Every structure is written in C-alpha cells, then in structure tokens.
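Please find below some brief points on the structure.

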Amino acid sequence: MTRIITTVLLLFVGLSIYAQQVITGTVVDDEGIPLIGATITDVGTTSGTVTDLDGSFSLTVREGAEAIEVTYTGFEPQRVAITNATTYEIVLSSSSELLDEVVVIGYGSTSKRFLTDNVTKLSSDDIDKVPVPNFQSTFAGKAAGVRVSQTNGKVDAGMTVRVRGAASISAGSDPLYVLDGVPLINQDESQNGAPLNPLLSLSPTEIESIDILKDASSAAIYGARGANGVVLITTKRGKIGKAVMRLNISGGVSEPTNTVEWLNTEEYVALFTEAGNNIDYDVTADFDRLSNGTDWRNSEVDTEWNDVVFRTGQQNNADFNISGGDEKTIYYLGGAYNDTEGIIIGNDLNRASARTNIRHNFSKKFTGALNLGYSKTTINRVQDDNSFTTPLQGIAQSPLSPPRLENGEPFGGTEYANFLLALDYGSYETRIRRLTGKASGEYKFTNWLSFNSDFGYDMSNTTEDEFNGSRTPFQSTNGDAFSSTALQESYVWANYATFDRDLAAGHNLNVVVGTEFTEAQRNYNSVSGIQFPSDDLQTISSAAEITAGAGSFTAYNFMSYFARAQYVLNSRYFVKGSIRSDGSSRFGADRRFGTFPAGSVGWIVSEEDFLKGNTTLAFLKTRVSYGLLGNSEIGNFPSRNLFGTTSYNQRPGIEPVQPGNSSLTWETTKQLDVGLEFGLFDSRISGELDYYRKLTDGLLFETPLPGSSGATFINQNIGSLKNTGVELILNGDVVNTGGFRWNASFNIAQNNVEIISLPNDDMDIVVEGNNINRVGEPVLAHYLPEYAGVDPANGDALYFINGDGEDARETTNNPNEANRIVAGQPFPDVTAGLTNTVAYKGITLNFTLQGEWGTSLYNAAGRFQSANARFFDNQTVDQLNRWQNPGDITDVPQARLFTNNGAAASTRYLEKADFIRLRNVTLSYDLPRDWMERIGLTNTQVYFSGLNLLTFTEYSGYDPESRYDAVELGRGQVFYSAPAARTVSFGLNLTF
Amino acid sequence: MNQLNKILFLGLFSLAFTNCEDKLEITPAQELEPGTALGTEANIKTTLVGTYAEAGKNDSYGGRYQMMADLLGANGNITWGGTFFDPGDIFNKAILVTNAFVEDFWNNQYAIANQANLILDNLDVVESSTEERDRVEGEARFLRALAYFDLNRMFSSGDLGVPLRTEGLVEYSADLTIDRASTGEVYALVVSDLQRAVELLPESNGVFADRYSAQALLARVQLHIGNFEAALTAADNVIMNSGRTLTPDYADAFNNDVNSSEDLFAIQVTSQDGENDLIVHYASEANGGRRGDIRVNDAYLDLFGSDTIADARANFFVEGEVEDRRLTGKYTNQFGNIALIRLAEMYLIRAEANLRLSSEVGASPREDINTVRNRAGAELLEEDDDIDLTYILNERLRELAFEGFFVHDYRRLGVAIDGFDADDNALVFPIPQSETDTNMGILQNPGYG
C-alpha cells in the first residue's frame, strides 16, 4: 500500500504547470462597504488570494481559466466569469442560508453545498458570551442529535457529549476531539472519584468554529476512533488587514437552578418522634445530641442546610486578542482569563490561557503555520458525591443541628461528619497545565496538488494536592495529604497529499491520501503521607510518615493510513469514498489492524433544469452515506490476562487483576445515513432531514462473571446494539424587513437504542444490581423491584412480585420476593433545541431553548432522604405524608426508625426527568459606530447573558440534568448531585 | 530553489510513509502476564503473599467478615447505629439479596480460594527445596481452607453448601456456571486441606501461617462441625506445642503492630498496606473510626454478672465522642494487626470438647477456663462450680466478643438470636444477586425469594 501511494504522488508531481494571467478587482457588500479578507479562487484550483483592507485583490490565474469564485463567511458565494476585462467590481449579497458555509471535515475542508455527509457546524457566535467556563456546554441544544450535559453543578464536573446516542456500552462513548488537526487527550485524571472535564483547559474564547462529524461518511476518515462522532475545533486566526484588537470583559453571578425542600425542625421532630414511637424507641437523647443541647422543642435551631451548602457564585471573564496580517503573514494572538466561583461552597476555578496562530507564505508554493495554545487551570474541588464530607451531603443533616457554633467553629456533633470541618481544615486543589501545538507545512506542487505535513503535540499535566488537617472528620493521624502528578502527552504526525482538479469542464476530483502516526504516553506518580507537625504545614515534605506511593507508565500507539476521494459532476452530482486503516497497540496481537471504509453519494436536485429558478423549492439536495467506524476507547491493555502488584506487611505480592481475552478488538459501527437538505421560499426557510441507523457489533462488555469464579468481570467483544434515529433541522429567516431581523433555528432528534444480541444466548447482563442490558431493551435500562405503595392496613411498604406465575401482580412486603422489572431508560430518546435571534438597530436578542424527553433517573440517595425516617437523615417534605393509622391511603410507608420499611432499591426512587430549559439568553447592543469612531473604536458592544434562567420540569429532584458522579454516569443515577448553575452576566466587547 | 524544494519534499514523502508499525507492540509496565506470574518459583511465592493480601482486604478478614458475623449474631450485645444500610440490614436480620457487604465478602472469599488454587496448580515450579515447596503448598491450603470454611459458615443452609472449586481459573471464557456442593463436601475439603497443611507447614513461619495456625484453625473447624475429639486433639496440640503464650494483660492481645505472644494467626496491617474495617465501624473518630457505628450494650455487661470490676474484659471499652457511646477497646490502633486466631480460643475449645466428651485431656475444663479468666483478672472458678455448655458459651462471649464469633456460637449451641431461632433462615446469608444473575441455576437459600 505504501508503495502505491508514493507512486501515485510521484505521478502528480511530474505533471507540468500552466501559463498564467493576472486579474484584479474589489469586493464589496451590498452596501458598498469593502469586504476585508474575502477569498478569491481560480475555480478548479486551490490557488487563491484574499482581499485587503480596501477590499482589493490581485490574483494570478491559469491561462484559459474560465471563472473565479469569491467567498466570504456569511455571504452568498459568487462565481464570476473571466472576460477580457482585467478589473472586476464584485458585489456579494449576504447569505440568508447556511448552505455555502465552509465546513471542516478532517484533513481538509469543503463547502456545505458539496457535502455528502452529515456535519453540524457551530460558529463563534454560538459559543461566545455563554457564561460557562467549558466550551462543550456552549453548544448544548444547538446541534441536532448531539446531547451535551454536564455531570452536575460543580465547576469542574465532567461532560457527557453523545453524538446520536451512545454506540457503546462499556467502551468510551465520548466523541474524538480534534483541535486544529491534533486529536486531543481527553482522559480524566481526577483522583477524587468524581470526573473532571479534561478539556476545561481550553478557553471557549479561542474557538472560531466547531464542526461535528456525525455520520459514518464524515467520521470514517478517523477510522478506529470515529464511532462516537468527531468534534473538530478550529481556533481563531487572523485575516489580512490592519491589526484588529478586541477586548471582551464580562462578570456575573450564579445560583443553583433549583433546590429541594427539606423538613424544618418542627416537622423533623414530629416525624422522628413518631418513627421512634413506632419501634418503642425514645428519640429525646438523639435530638439533644443533634441539636447540641439547644431547645429543639421550640425550634431554637432550624437550619436550612441548602443555604449552608450553596452560595451565590461569581464569574469573571476577560479576553484580549489582536489579529491581522498581510498577504505574506496572518497572525492571531490572544489571551483569556476566567475566574469562576461555583455555586457549591468551596468549589471554584480560574484559568489563564493564551494562543498564537501564525501562518506565513514563504513562497507561492510553500506555506508554514504554527498554532500554539497553552493554559493553566487551577481548581478547588470538593469531594465526590459519595463522600460524607462533600458539601451536598450536608443536606442530609438534621435541621436541629447548627452548622457552626457561636465561636464560628463547625459543629462536630452532626449526624454525619460536618462537611464544614473538611472545608475549613482541608483542601483539594487540582492544577491542569495544557500545551497544544501544531507546526505544519503545506507545499503546493501545482495549483491542484499540494502536500501537507502536520506535526501536532498535546501535553496535559494534572497535579492534585489534597490536605486534610488534624481537625477534619475521621482524622486520627494528625492530618493526611495526597499529592499526584499525571503527565499525558501525545504527538501526532500526519502527512497527506491533496489533489483537487477539474479534470474536464464540470468534472472535479478531490483526492486526499495520507498517513498518521500517533504515540501517546502517560506517566503517573503519587504519594500519600500522614502525621503532620502542624495544620499549617500541608505539603508531603512535612509528613512524618509516608504511607503510599505510586509510579506508573502506560502508552498506546496508532499507525494509520487513509485516503478519500470525492468526485463532483456539474456541481450537482457527488460521489465520495474514503478508507482508513488503523493499527493500534491496544488490540490483541492477532487483531492489530482494522480497515474502515465509507462511501456516500449526493445530488443537488434543485440544480436540474426542472427546478432551476424555482423560488419555492430553491434548494434541494439528497444524500446517502454508509460506512464502518471503530471504537478503540477500551483502555490500553484490555485484552490481556494480567497479574498486578499488591503488598502484605510491606512485602511484595502478586494478584490476578484482569482475566484476559486475546481475541479482543475494537467495536465496529456500521452507519447508514439518508439525508435531505432543502431551501424553501428563496431559501428563507432551509433545513435538513436525516434518518440514520447505527449498528454496533463486537460490542465491548465488561461482562460480569459469577463471583464464585474468583473474578468479577471480563472484557468481551460480543453482542450488538442498534441506534436508529431521525434528525430535523429547520432554519428560518422569519422576518427581515426595515432593519428588523428575526432568525430561528430549530432542531429535534429522536434516537432509539436497542440491544440486538448479547453473549451466552442473549443472557441478561445485570450491572450493579439495578441496571440491565437485555435484548430488545435500551442500554443500561433501569432494573428495579416495582414499588406498589403502602398496605393501608399496617403501613408496610409493598412491592409487586412480578413473577411468571399467576401471582405476578400480587404484592409482598419482602423486597427479596419482588422480581425486578425493566423500568425506563437512563437517557433521553428525544432531544430538541430552538435558537432565536432577533436584531433591530444594533440590538440583538439571542436565546436557546433546549429540551430532553425520555430519561428516567434513579435517586440512589432516596434510600436515605425519602425513607420515611429510617435514619436520622433529614427527609424530603413528601415524607410527611406517611401512613399513620389503619386505613390511611398514601405512598409513604409508616415511619419506623432504624427499620427498612420501603427503603430497598425500587421504582419508588425512580422518576421521569423530562425538561425544557432556557439554556442561554444574550441581549446585546452595538453602540452606534460613528460615536465610537470618534474615540478610536470600531465597534463597541454591551451585552447581558444568562444561562439556565428557566427550567420547566416535573422532576422533583435537584436537577434533571445532574448525575451521580461517583458511579458510571450512563446508569442514570443521582446521589446528592448538585444542580446546574443559573448564571446572569454582563459584558463589554470592544474592537479597536 | 525550486528544484531543491522538490527534493526536500520528496524526501519528506518517503519519510512520511515509512512504516511505524513495529511501534504497535507495547507491553504493560505495571502488570505481568500469567505465564510470568505463575511460571517461576519467585513469582509463585509472591503470588502467595498476594493471597494473604487478598484475605486481608476489608471485604473479608480486614474486618467485614468478623463484623457481619457479630452483627448477625448481635443478640442484644451490640447495636448497629451507623447509617450504612447494608450492615444495618444484617443487624436487623432483614438482608436483601443485593446487600453489598455480603456480595463483596462472597466475591473476595472466592478470589482468595482461586489464588490459592492457582498456587496449588503450579507448585511444580517451586524447585529450590522440598521444604520450600511444602511450605508454599501448606500456606495455600491453609488460605483455601480459611476461605471456604467461612463461606460455608455464612452461606450454607442445611445440606446446601457453597460452590466448590479446587482448580484455579485462568481461562474465563469457559462456562463458569457451577452448582452448590453439599455442606459436608465443603467441610471435608476444609478439613483435609488443614490436615495436609499441618503436615506440610514449618513450626514457625514469621507472620505467615505456620503449622499451629493450621492446627488452630482445624480445631475451630472441628468444633464447629461437631467433631469434638478431633477438635480436642488439635486444640491440645496447639496449646502444648505451639510455644504461644497468653499475653500478660488482656489488652496486650489487641492493637498490636507486631503479632503478640498469643497470636496463632493475625492479619497484618501497617500504615502502608492492609485494611482494617473493624476500626472504621467500631472505633471512635479519634482512633480512625466513624464515631462508633457499633456500640456495646448494657446487656453485654450483664454477661459478667457481679464481676464487672475485676474482669478486664468488662472494662475494655473506649468512650466514644458522641453520647458517651460504649465502644470496644479491641480496635483502637488504626494500623494494628487484626487477631484472627488467638491462643485463648484454643483453651476454650479444649474446655468445651473435654466437657462434651467428659474427658480431661491436657487439662480439665475448669482449669482451661480459669487459665483464660485468670489472665483477664476475673474471679476464678471453684472446684465445686458447675460448668455446663451455657457457661462455656458465655465465657466465649466474654473472651471472644467482637472478633466474629457471635452468630456461630449461638447457632452452634442452639441459642435463639434476637428472637430468631438458631435454625432460622434469616441467620444465613442469601446467595448474592450478582451470583444468581450470572451463575444461572444456582439455588438461592430458603427465605430469600
């Protein structure tokens, strides 16, 4: 294969070059204002130039060239026939449709018009001004079929991004992120149990656009890493023209989107007194203890723990950049600072980042570029949701307990360890340093053949430092500390040649052929120590005793070959094919290489004579694609039978840690996409309708094993999964008159996921007891005993037996007798977003509504907090409806202290979590330009921005989007999980 | 220039398309593959050390096993007051088939057994000397017996024992379903393993199991299954020959960084390895616990009658931080070893066996009990004091409380626990749901749906 590629490339090189002529001209918009940086290309070649400050250009075209094409973002592209004239005045009209925007597709870019793939493009307009520190949250609700949610309201919380449902069960389901051609490290390095978003290190302000490759035809160029979709991020770059400086500053405040109502002291005393009486237990001493001897009978203390846990957070942003360039060099230099104080006490982050993107034409043939971004992020973290000292577990405390004593010290006698002790006397600080760069060169042999060599490097260094002083809860060793360093780095060397040429009039062929080599490594070291001489000495050096240490190294490599060819006939018939062959060290020796082909066809029907000029159906394109993708996110050595190290009495030991499976390989997903793109009424309404079917085979499972085998799971590639769905996008130019403009963009996606086959004759796979993978059901469906309410006679909690026999709908008060049922899915099947932009005379209102339907969430903390007073945990107010007397009809069983009456895992704690959310609102005002120019500013904008301002949901928990961060997120559980933040922010945007 | 460029880029081409496929072979840096782990004498011995580490995990003898046996057999002596629902359900005798403590114990006992099996399957590689080979085999048999004995004690119901595997599993793609063996088959393996271990093990073996560890465990097993003569012989042998002596003070038998003079086998815990969940749930916060999830009740003190002042065991408590909770003094050193078999138990086994057999092998029951009581400073039995099984049971409760004996002693002697008859199904653990979900067809214990 290698030799063939080389030969083909040499053939191209051998061809000669045409003679040339020069044409000049200017490009203006329909108001006659010169357009700076518009692109002019010799049609059929890649040779081109951009307009300068006056909108002027000069382009050398081939002898006999027929036309030039002028493109500018946001404007209709225009083709101008080359006549005898040498100067051209070209007027571009602003584009009312999104049909012609430039789309990045991996190892190249293309016009959306020519695209036979399903790619969603988001621009900096969608990203800017959303007051969140991570870039993923900015596109929630904006891309059809792409579900974005943050684990919970911690500022550093991990992100879940799913493109067209999850194609996997156990392997990674995150898309591949590629920044300016460099695949990004996206491995969570959190050591405290809760996921940390590794891409927090990237400032949203650096991003020019995001292209999401959703179907096989587009993602197959990323082969074994494309099955979960690919997110291509393009950072900002300069445009030809004088230096433009932009300064953006904003500041805002945030609070929880929602809180849950708990019992107050009076209610708590009443409920728990009754719960004690029901088991002949006197709770007086417990109340005295919890209330620290205060007068609980008269509510002397009545703590609203929500107020102790949450605070009004703050967010401050500043970013500055300067960009510009000339025909030789374009540059972008930017820096940004973000300071976010979270809504949970003790949780904040700040990030300083900088980026330099420079591109220089060394000659007409050779262009070099350097992209370099680096950042430092410092995060003060709180413990994971399952930790007693995480602030959110504070809501479990009794309202009788004061959070702090009169001297300000945290009260130590709370039912659970008082998290304020951990907050006051402990710390957990995470620092992420990130460096991502690419040095690239492009050599144009001819107008139609170029060669690119890109060397990318990504380095992520995460250090974590934990200190628990002598006064923190459960502290018996005069303090303990933990310190870790995780260094991940990867380099990617991609080399590819691009052939793009009109073979004859109306016949265009674009071919990309290349190789890519990736080498990634991770070094990890940690050390733990105890016995500190003072709470003021907090680094490990002060520990008198070192208790644990770790040092490890792991790596993976990929060697890949790829090729892609697109043939365009008469600008309306398209055929595209691509193939990638990936080899990876992650797979068993016998299965080291995989090949991932894809193909697609498209037809712009509206270019045919019978539709041409039809303004009602101004644009119509159909496309079909099919291809194979892989998922290699299965860990570095999943196939091997491994023995790890342990120690006993400080002597080394070995123990089995992973049962092996030498035939393990990647998962493969076959995806079919059928799409229709249309523009109606002069393309004032445009849209896309897609149907897809994703069939994943060789599904990787951590298959549970019987404990009696000595191991509890094995990695296997068995089973298959099907995702089918429909996506609809509608963009409307609703009103556009008299300076008043209203654009709306609506997207809705429906995804059905179904398990098709499972190992061992489709045997059910139960995950942690309460989720199931069963043929015919969605992945990780909730699997719980069915709660049947309360026996009116005695207040016992009842469960349906749901057996096979006649007694199926009989009830029992013994949860062990109740068979579990499939009771809902942990993710939505319908997601939708609606973005509206209304502009009038410099005032622009933009808002996005986002909705999800179909999720059911299991509240694993219900067994404590809605357990009719089983423990001394404060209870949700609905527990006041407990059964009290024979004949009472209620869903809440009789309160029985220390007794499990209805607190077994069951559908009692399962709830639908549908919601519609006003995700973000931005109201901006561009001050009149003539005022500003007097003081040297070209543009000044003030804006208001809001996040999660409104939520419409029936869900009774903290937040329908929050998840339990200490278990697999896909299981759809919540457990003291913080709600999302609601943020309002004001900003000022200056351009000089 | 142009020519030069072309040459330069052609050079780059050939470089770019060079094959880097040899870089795809990467081996793990932190782990070994089974051929290596089980293929050399040094590695087999290290795997043996790893099996002790497995046994010492908190799921098993790092504390939860002992704690669960005492909570299930609490009988008023102790109260669970913590907010973990799994041990709370065990204390309430309302165990769900999803109980995580029960499931983790089950899984870990089988992990111990499997590792011991892997060692026994690969003994051939121990070639340095017969003694070394015998020692490795003896320790592996001791650990396997320990794992199966306690599994069977907690999970067997009537004649329905636990699944029994005597060969190590490396290949997990095989059919892993397995039926339950009979209770008798499991105990038979345990006894034969221990008998072999007694023959194979050296007289002393550092902190690892030696001949007397195996013999002491054998005495415990034989007593449990009612072979009193065998129990008597084994216990007597340990007392006479092991060289172990009772610690001068009762308190000295606990919270030790190194084994005490009476430890026949102890789980090693240091600040750097090992786990001690007895601390987590029994100890005060100052001692590394959760302020005393398990509290000792007045009813336990009643066992000492009028002797609550002199008897050290009636005073071996710590006051918890909250509500003056009475917490046991046996677990106050977070990094202390966990005594699993103490010499005092051997005296009590010999006393019970002699009583049942009306013999006085080694010593009379009264003498043995007095040996134990004397060390605790308790009032000694007089010649004419009546000793019956109830007295011995109570002496065991006084001496061995909070060390994982409650449920077994009450059930063995037919004493009802917290209102549940000794043979009540609720006093037997359910087969974990994770097992019934994956080992299709395995029988659940009666009373668990």
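1. The largest nonpolar core has 278 residues, and B:Tyr148, B:Leu194, B:Leu217, B:Ala219 and B:Ala235 have the most contacts inside it. Such a core is a set of buried Ala, Val, Leu, Ile, Met, Phe, Trp, Tyr and Cys residues joined through C-beta atoms within 7 Å; buried requires 20 or more other C-beta atoms within 10 Å of a residue's own, with C-beta atoms placed from the backbone. Helix α7 (residues 130–155) of chain B gives the largest share of this core, 12 residues. A second, separate core of 15 residues includes A:Ile23 and A:Tyr72.

2. The model is predicted: local features need pLDDT of at least 70 and side-chain atom pairs 80 or more, while totals for chains, interfaces and linings use all residues. Residues are numbered from 1 along each chain as its sequence is written, and chains are lettered from A and ligands numbered from 1 in the order in which they are written.

3. In chain B, helices α13 (residues 343–357) and α14 (residues 365–376) pack at about 160°, with axes 8 Å apart (helices are DSSP runs of H or I, at least four residues; strands are runs of E, at least two). This angle makes α13(B) roughly antiparallel to α14(B) (over 145 degrees). The residues of their contact divide into 8 nonpolar, 2 polar and 2 charged.

4. Chain A gives 78 residues and chain B 77 residues to the contact (C-beta atoms within 7 Å). On the side of chain A that touches chain B, strand β26(A) provides the largest share, 10 residues.

Key
A residue is buried if 20 or more other C-beta atoms lie within 10 Å of its own, exposed if 12 or fewer, and partly exposed in between; C-beta atoms are placed from the backbone. Axes are lines fitted to C-alpha atoms, for helices over the stretch in contact, and angles run from 0 to 180 degrees between N-to-C directions. Angles under 35 degrees count as roughly parallel, over 145 as roughly antiparallel, 65 to 115 as roughly perpendicular and the rest as oblique. Ala, Val, Leu, Ile, Met, Phe, Trp, Tyr, Cys and Pro count as nonpolar, Asp, Glu, Lys and Arg as charged, and the others, Gly among them, as polar. Two residues are in contact if their C-beta atoms, placed from the backbone, lie within 7 Å.
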